[in-house]
Amino acid sequence: MTNSRWQSLSLGKLRVRELSQASYQQGDYTGWFEKLYAEAQGDLNAIPWADRDVSHWLADWIETSQFNLQDRRVLVVGCGLGDDAKYLAQLGAKVTAFDLSQTAIDWCHQRFPNSQVNYQAVDLFTAPANWKLSFDLVIEIYTIQALPANIRPNAIDCIGNFVAPNGKLLVVCRGRNPEDPAGELPPFALTQSELNKFTDRGLQQISFEDFIDTLESGSPRRFRIVYQR
Ligand SMILES: C[S@@+](CC[C@H](N)C(=O)[O-])C[C@H]1O[C@@H](n2cnc3c(N)ncnc32)[C@H](O)[C@@H]1O
């Protein structure tokens, strides 16, 4: 990583803390995302999670599991700047990708004007009723961990509901043991037991990986989990 990219990343992470803290103080747990995207004014360096490419942990899972994406209905939760969704559509999936932030969705359209992805500004908590049980594959990368503990159970319920019968859900997040500190500002590391809530809603856990992500600065502990309905 270049020095200037590292500096931008540090500033972006600091801004996440400032904006989320101010938002939380007003009892608003998600309003800061739109502020961060709007403030960035098209500068990818200002968004700490903008990898400018498909997530390594998603592409790796698609390749190793040999999941056949052709014509499958795929939903990308909290799609951010849209790279994961674009990748899945290029492999033949019919992809819907949504984010709470209208600015992020506008940015997806600008970055990928020819993509077949249906990018939409939608709040997870008020998603269209006809998305229920409708997707063969749901991708959730780093959205739950960006939400505080009081709204995470509801987020898990909403995400689990999107998975169609026999469909799969891929979750990638920061992980911790229950005795480790939870932190007060995002990103929050999640415990295995809170993720088990997915299995209360008719999903079965089919794999659980616990590893150190040496590709990210700070080498955080990660969980990558696959569920199936
Ligand atoms: C940490 S970012 C991760 C973005 C992307 N998944 C990635 O891996 O680069 C979390 C994303 O979730 C979105 N988000 C947060 N709360 C949401 C909600 N309630 N509904 C939809 N999107 C939400 C944010 O706007 C942000 O783009």
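Helices H2 and H5 are oblique to each other, because the axes of H2 (residues 31-40) and H5 (residues 102-111) cross at roughly 45° where they come within 7 Å. Angles under 35 degrees count as roughly parallel, over 145 as roughly antiparallel, 65 to 115 as roughly perpendicular, and the rest as oblique; axes are lines fitted to C-alpha atoms, for helices over the stretch in contact, with angles from 0 to 180 degrees between N-to-C directions. Glu34, Tyr37 and Ala38 of H2 meet Gln102, Thr103, Ala104 and Trp107 of H5, where contact requires C-beta atoms, placed from the backbone, to lie within 7 Å. By class, this contact has four nonpolar, two polar and one charged residues, with Ala, Val, Leu, Ile, Met, Phe, Trp, Tyr, Cys and Pro counted as nonpolar, Asp, Glu, Lys and Arg as charged, and the others, Gly among them, as polar.

The model is predicted, and local features need pLDDT of at least 70, while side-chain atom pairs count only at pLDDT 80 or more and totals for chains, interfaces and linings use all residues. Residues are numbered from 1 along each chain as its sequence is written. Helices (H or I, at least four residues) and strands (E, at least two) are DSSP runs, numbered from the N terminus.

The sheet is open and has seven strands, in the order E3-E2-E1-E4-E5-E7-E6 with mixed pairing; two strands pair if DSSP finds at least two bridges between them. Its edges are E3 and E6 (204-212), each of which pairs on one side only, and the twist averages 15° from one strand to the next. E6 and E7 (residues 221-228) pair in the antiparallel sense over eight bridges, and aspartate 210 stands opposite phenylalanine 223 in E7. Helix H3 lies across E4, E5 (163-174) and E7, running at about 140° to E5.

Within E5 sits cysteine 173, which counts as buried because it has 23 C-beta neighbours inside 10 Å; the cut-off for buried is 20 or more other C-beta atoms within 10 Å, for exposed 12 or fewer, with partly exposed in between, and C-beta atoms are placed from the backbone. Beyond its neighbours within four places in sequence, cysteine 173 is in contact with Tyr142, Ile144, Gln145, Leu190, Arg222 and Phe223.

Helix H4 (residues 83-90) is mostly covered, since seven of its eight residues are buried, namely Asp83, Asp84, Ala85, Lys86, Tyr87, Leu88 and Ala89. Their cover includes helix H3 (56-65) together with strands E1 (73-77), E2 (94-99), E3 (118-121) and E4 (135-141). After H4 comes glycine 92, with a positive phi near 105°.

Valine 117 counts as buried because it has 24 C-beta neighbours inside 10 Å.

Finally, the ligand is surrounded by 19 residues, of which Phe33, Gly78, Gly80, Leu100 and Leu124 are the closest; a residue is near a molecule or strand if its C-beta atom, placed from the backbone, lies within 6 Å of it. This shell has eleven nonpolar, six polar and two charged residues.

Methods. Two residues are in contact if their C-beta atoms, placed from the backbone, lie within 7 Å.
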